[in-house]
Amino acid sequence: MVGMDWFKCMMIMMMVWVLSCDEAVSGAKFEELYRSSWAMDHCVNEGEVTKLKLDNYSGAGFESRSKYLFGKVSIQIKLVEGDSAGTVTAFYMSSDGPNHNEFDFEFLGNTTGEPYIVQTNVYVNGVGNREQRLGLWFDPTTEFHTYSILWSKRSVVFMVDETPIRVHKNLEDKGIPFAKDQAMGVYSSIWNADDWATQGGLVKTDWSHAPFVASYKEFQIDACEIPTTSDLSKCNGDQKFWWDEPTVSELSLHQNHQLIWVRANHMIYDYCFDATRFPVTPLECQHHRHL
């Protein structure tokens, strides 16, 4: 009986642990972390799903209620279905001001049947022009997929369904600036960009398919919240967070293999190899791995 009671107790403890883990990884409600930032009538909450709509009157966007310095932000997105040519859906982190830092996911719409392209970009001290583009290995319009940005003092990692697709390392020891001293908000938006988004602007938005709708759920921000943007000591001091651990801020062997696979099979464009735009290879490209 004693053994049976011990077994039952262990089973109950395991069930409680599993339930608590499920609660920890589940997303927050939209209004707990975010608010509409423009065109509020085009930002609609339907239960656990928030939708941003684009029509020939307006796009829409939302922003986080707080700003952060380092951590991980994730969101599940189902992109615009059908003919989405000319549209851009963005999920990104950004600080304020002309010398801002920014980490971008930009999903470039396309004509029906053509693959969606995701563009990533990194701005440091107001300087961007670090675009990479790849084709996704699934249809992002039929189901929700998770897009994440993991930001630590060592690197910025862009992930799709936890698969790393880009790593931007801290190369300050090489004299290259890194985004580490500006708090960032988290944002998403949808807008018309048919002057460049699809085949370089050759394919325009067909407004007969409007409204174009991007859907969101599972809102997660596990990051160091900044009480005021002028005081970064809470997040940039000696305190260690989980994202500072080498096992987290450095890719594992499996993740390295995933990144190499993504680049080998799905990379469409990398600014590091664009000799027309950059006759001299950008300095960070000379030091980043997986090139």
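Let's start inside: Phe-62 has a relative accessibility of 1%, so it counts as buried, where buried means under 20% relative accessible area, exposed over 50% and partly exposed in between, using a 1.4 Å probe and protein chains only. Keep in mind that this is a predicted model, in which local features need pLDDT of at least 70, side-chain atom pairs count only at pLDDT 80 or more, and totals for chains, interfaces and linings use all residues. Residues are numbered from 1 along each chain as its sequence is written, and side-chain values use heavy atoms, with hydrogens and water left out.

Across the whole structure, a search turns up 21 aromatic pairs; rings of Phe, Tyr and Trp (its six-membered ring) pair if their centres lie within 6.5 Å, and planes under 30 degrees apart count as stacked, over 60 as edge-to-face and the rest as tilted. One of these joins Phe-30 and Phe-62, edge-to-face, at 5.1 Å centre to centre with 90° between the planes. Phe-30 sits in helix α2 (residues 30-33) and Phe-62 in strand β4 (residues 60-64), so their pair ties together parts that are 32 residues apart in sequence. Helices (H or I, at least four residues) and strands (E, at least two) are DSSP runs, numbered from the N terminus. Phe-30 is buried too, at 6% relative accessible area.

With Phe-105 and Phe-107 the geometry is stacked, because the ring centres are 5.9 Å apart and the planes are at 0°. Both Phe-105 and Phe-107 are buried. Back at Phe-30 and Phe-62, the two belong to one aromatic cluster together with Tyr-34, Tyr-216 and Phe-219.

Next comes Asn-110, in the loop between β7 (102-108) and β8 (117-123). UniProt lists Asn-110 as a "glycosylation site" in an unreviewed entry; such positions are given in the numbering used here, feature names are shortened, and annotations may be inferred rather than shown by experiment. In this model Asn-110 has 9% relative accessibility, so it counts as buried. Leaving aside residues up to four places away in sequence, Asn-110 touches Gly-82, Asp-83, Ser-84, Ala-85, Pro-115, Thr-198 and Gln-199, with contact meaning heavy atoms within 4.5 Å.

Finally, look at β11 (residues 155-160) and β12, which pair in the antiparallel sense over six bridges; strands pair if DSSP finds at least two bridges between them. Ser-155 stands opposite Lys-169 in β12. The hairpin of β11 and β12 has two residues between the strands, and Asp-161 there takes a positive phi near 50°. Strand β12 (residues 163-169) is largely enclosed by the rest of the structure, because six of its seven residues are buried.
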